[in-house]
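Here is a short briefing on one protein chain. Look over the sequence and the structure, then read the points below.

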Amino acid sequence: MGMVHIKTNTQIDAMREAGRVVAQILTRAREVAAVGVTPRQLDEAAREVLSKAGAASPFLNYKPHFAPTPFPAVICVSVNDAVVHGIPSAEPLRDGDLVSVDAGALLDGWAGDSAISFTVGEARPEDTRLIATANEALAAGITAAVAGNRIGDIAHAIGTVCRDAGYGILEGYGGHGIGRSMHEDPSVPNEGRPGRGMVLRHGMVLAIEPMLLAGGLDEFRHDRDGWTLRTTDGSRAAHAEHTVAITNDGPRVLTAL
């Protein structure tokens, strides 16, 4: 565990402005998304929102140690059995596709990170349930993000919702601290034991992000692009994420609309 950067109230307010831009990107992507529209068109729409806001993308050209190439887009668009980190393609969206969009923004030196999942065209009932459960797991994690609680309390809250619904949880991936850069310490697992881990205190800012696999397995495979993570059984996946500040007045969602 490295250094956790505690933010001042003024810095949290600045992060809220970055978070607002992220919310606008996701709203726009959802508006543009339709049967026949390509994920690349969603990326173009996201670039317009960033440009208008005078913000930059923490995703574009991001190259972590595992990636063979820098990420080529400003959003991740993961369709159906793609869980996260999907590179926006030129493949048109089809009726009933389950789409997860993950977006980030850098504004005045501060980062925001959020994700939503939705269906284009007619939704399958099982996809609607999967997405609803991802949102419920995120809400449970946020509710547990109070000063005096521990990281394990967030992890336990998320994991309980996912497992009770019979879903898998993407193995080895979870939320993270966020601030001047998109990924900071601490890591925030999507499953864990309550009362364990780092104590949450006022000024910590976390990206909380459940990733649910409909088939009930936790395993994934990498696409040939080195970025996209897919379910091994071909089942669909949903992703929900908010950037949340821990405050003495309770959790403050910085990426809400």
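Helix α4 (residues 151-164) has 14 residues, which should span 20 Å at 1.5 Å a residue; its end C-alpha atoms are 20 Å apart, so the two agree. The expected span is 1.5 Å times one less than the number of residues. Helices (H or I, at least four residues) and strands (E, at least two) are DSSP runs, numbered from the N terminus. This is a predicted model: local features need pLDDT of at least 70, side-chain atom pairs count only at pLDDT 80 or more, and totals for chains, interfaces and linings use all residues. Residues are numbered from 1 along each chain as its sequence is written, and side-chain values use heavy atoms, leaving out hydrogens and water.

- Of the 14 residues of α4, 10 are buried, so the helix is largely enclosed by the rest of the structure. Buried means under 20% relative accessible area, exposed over 50%, and partly exposed in between (1.4 Å probe, protein chains only).
- The buried set in α4 is I151, G152, D153, I154, A155, A157, I158, G159, V161 and C162.
- These buried residues pack against α3 (125-143), β5 (168-169), β7 (184-188), β8 (205-208) and β9 (211-213). Contact means heavy atoms within 4.5 Å.

- D102 sits in strand β3 (residues 98-107).
- D102 is buried yet has no salt bridge; R30, the nearest side chain of opposite charge, is 15 Å away. A salt bridge puts a side-chain nitrogen of Lys or Arg within 4 Å of a carboxyl oxygen of Asp or Glu. Lys and Arg count as positive, Asp and Glu as negative; His and the chain ends are not counted.
- Leaving aside residues up to four places away in sequence, D102 touches F59, I75, C76, D113, S114, A115, E209, H239 and E241.

**G86, a loop glycine**

- G86 lies in the loop between β2 (82-84) and β3.
- G86 counts as buried because its relative accessibility is 2%.
- Beyond residues up to four places away in sequence, G86 touches F71, I75, C76, V77, S78 and T228.
- G86 and N149 are 63 residues apart in sequence and 33 Å apart in space, C-alpha to C-alpha.

**The whole protein**

- The protein has 4 helices and 14 strands.
- Its C-alpha trace spans about 45 × 40 × 35 Å along the principal axes.
- Buried residues make up 53% of the 257 residues.
- Of the contacts with a separation of 6 or more, 72% join residues 24 or more positions apart.
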